[in-house]
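Trainee: Could you take me through one part of this protein slowly? I would like to look at a strand and the aromatic rings.

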Amino acid sequence: MRTILSLVFLTVFTFGFAQEKFDVAAVEKFQKDLNIEYADAKTSPLTTEDLAVFKTLDFYPINEKFFVVAKFVRTENEKPFEMKTSTDKRPMYVKYGEVSFSIDGKSFKLNIYKNIELSKKEEYKDYLFLPFSDLTCGNESYIGGKYIDMKTPKGDTIAIDFNTSYNPYCAYSHKYSCPKVPLENDLNIEIKAGVKKFHD
């Protein structure tokens, strides 16, 4: 699974999703691991030219405001669908559930998805995909939105740390095929957290 998210899956997927409390150290580890991956020619999505001068990704300051414990509602009997991507590829996803949360007193809702093919692999059977866009996209953040990797929750709540949101590989090179953020996952708020855009 190197065509879309590569080792980002494992980097994010293993750093502690069970947490229900904000963990600065976990976010710092996420940032460090991501930089290590991007600096390595074997795992980096960067072009040869960008890799040659790469120092670090540009992150928003870590902010506890953008860590939320959301209400999770499993959506049953959803039909798999072809997710639109930046290319002609149409991987099969299914809407797995909805999350509801508030930031600055405003309420928001997002859909969480499961990649059908990826979920057949043992190491990703509990993996969930949360793509989103917000009012920073196209300005400080990548115009195509950002992703968060998550794990299937045990109960009716799920921790979402926007500080661990990252750009699709398409933000770094056009050779990748990346899922497009569904319109229903566009947030009417500035999420100043996670990775900023790479190029001006």
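Mentor: Happy to; we will begin with the model itself, then turn to a strand, a loop and the rings.

This is a predicted model, so local features need pLDDT of at least 70 and side-chain atom pairs count only at pLDDT 80 or more, while totals for chains, interfaces and linings use all residues. Residues are numbered from 1 along each chain as its sequence is written, and side-chain values use heavy atoms, with hydrogens and water left out. The score called pLDDT is the predictor's confidence in each residue, from 0 to 100. Its mean over the protein chain is 91, and 90% of the residues reach 70 or more. Over residues 1-18, however, pLDDT stays under 50.

Now find strand β6, residues 146-151. Strands (E, at least two residues) and helices (H or I, at least four) are DSSP runs, numbered from the N terminus. Of the 6 residues in β6, 5 are buried; buried means under 20% relative accessible area, exposed over 50%, and partly exposed in between, with a 1.4 Å probe and protein chains only. Its partner is strand β5 (residues 127-132), and the two pair in the antiparallel sense over 6 bridges. Two strands pair if DSSP finds at least two bridges between them. As an example, L130 has I148 in β6 as its bridge partner.

The loop between β5 and β6 contains T136. This residue counts as buried because its relative accessibility is 2%. Leaving aside neighbours within four places in sequence, T136 is in contact (heavy atoms within 4.5 Å) with Y60, S141, E190, I191 and K192. Y60 also has a charge over its ring: the charged end of K196 sits 4.9 Å from the ring centre. For this, NZ of Lys or CZ of Arg must be within 6 Å of the ring centre and within 35 degrees of the ring normal.

Back to the rings: the structure holds 14 aromatic pairs. Rings of Phe, Tyr and Trp (its six-membered ring) pair if their centres lie within 6.5 Å; planes under 30 degrees apart count as stacked, over 60 as edge-to-face and the rest as tilted. One of the pairs is Y147 with Y166, edge-to-face at 6.0 Å centre to centre and 85 degrees between the planes. Y147 lies in β6 and Y166 in the segment after β7 (157-161), so the pair ties together parts that are 19 residues apart in sequence. Both Y147 and Y166 are buried.
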